[in-house]
Amino acid sequence: MVRLLTIGSFARAARLSPKALRLYDELGLLRPAAVDGESGYRFYDPAQLERARLIAWLRRLGMPLARIRKVCDLPSDAAAGEIAAYWEQVLAETAARGELATFLVDYLSGRGSTVEELLGIRYAARSDSGLGRTSNEDTAYAGPRLLAVADGVRGSSGDLASAAAVEALKPLETMTVPAGDLLGALAEAVGDADRALREIAASAPSGEAVTTLTALLWSGSRLALVHIGDTRAYLVRDGELFQITHDHTYVQALVDEGRLTAEEAASHPRRALLARALMGTGGVRPQLALHDAAAGDRYLLCSDGLSAVVPASSLREVLTGEGAPQEVLDELVARAYAAGAPDNIACVVADVVSLETPVAGGEQ
């Protein structure tokens, strides 16, 4: 028969205080193995030490108790993924706070500008079925503060998954989110999206709901990027085209490791195999980044239905040309169709403008 430990002995072995153990009991995070019916004294099984130590370590990381409960209830591999995702979020938020602290120090010491240019965007969004598809699993959205594209995986309730992922981000449009909190707000919204996919998967015949997601959230002259999968975000600045996302695919990983060239990757038979995606399984590890916007910038968000068939040189030609976002968007889709459009196409084009710049009638 296992000899139970008193709360004091267990606390010393786990390097936790009795007060912390009582709190974890009240929260349902670490229940005692037995409680004396008369005195209410708590007793613990030595087998509970591993969970107790894990809780202590996670608290040292600064992880909230609600998230610790989730980690403790996951299998080891999934728990490791959740911890990695949490730490990636912490690093991103720390970097954002560091940038804000630097700005405040410069501002208050008189070394920085006291006036920040306020910017807005003109935008257009479009999602079309490819010539080789009978259904459209892609979703595109553009609003005054949020741009997003999602590419659902066919056969895995992809249309529902991509729509749910974007819907989970839409509340950010009306939330007051300071520039320093943009990444945290996006990370939380992506967590909401992942939970929504879990519900879709539970009722799907395949038992799965999978989508990629790339989105930008604006505040003043700052924008936050969240990205997972092979949908992409591009920036055009001073006539140059930059891809600001990194594909989370099996083939891209081979390129990163030097085992494939970019040219070989473009024709690889498994180039569409995702290494990361939203799947409703927890442990989401999106790319998070904070960017400074400038008047005159142009952004393109798109699914691989565009980027896989229209070369970068052609994208740059269209994006650096004249025309409002809707005209540019229509030309990009036309070029995808001219290239055969074997896949669905989701695109968002947005131009960054000073808020003092007049907006032509009919444009967003």
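Student: How many disulfides does the structure hold?

Tutor: A disulfide is a pair of cysteine sulfur atoms within 2.5 Å. The structure holds zero. This is a predicted model, where local features need pLDDT of at least 70 and side-chain atom pairs count only at pLDDT 80 or more, while totals for chains, interfaces and linings use all residues. Residues are numbered from 1 along each chain as its sequence is written, and side-chain values use heavy atoms, with hydrogens and water left out.

Student: How is a pair of aromatic rings described?

Tutor: By the distance of the centres and the angle of the planes. Rings of Phe, Tyr and Trp (its six-membered ring) pair if their centres lie within 6.5 Å; planes under 30 degrees apart count as stacked, over 60 as edge-to-face and the rest as tilted. A search of the whole structure finds three such pairs. One of them joins Tyr 41 and Phe 43, edge-to-face, at 5.8 Å centre to centre and 65° between the planes. Tyr 41 is partly exposed at 40%, and Phe 43 is partly exposed at 24%.

Student: What is the geometry of the pair Trp 218 and Tyr 299?

Tutor: The centres are 5.8 Å apart and the planes at 90°, so this pair is edge-to-face. Trp 218 is buried at 4%, and Tyr 299 is buried at 1%.

Methods: Buried < 20%, exposed > 50% of the residue type's maximum accessible area, 1.4 Å probe, protein only.
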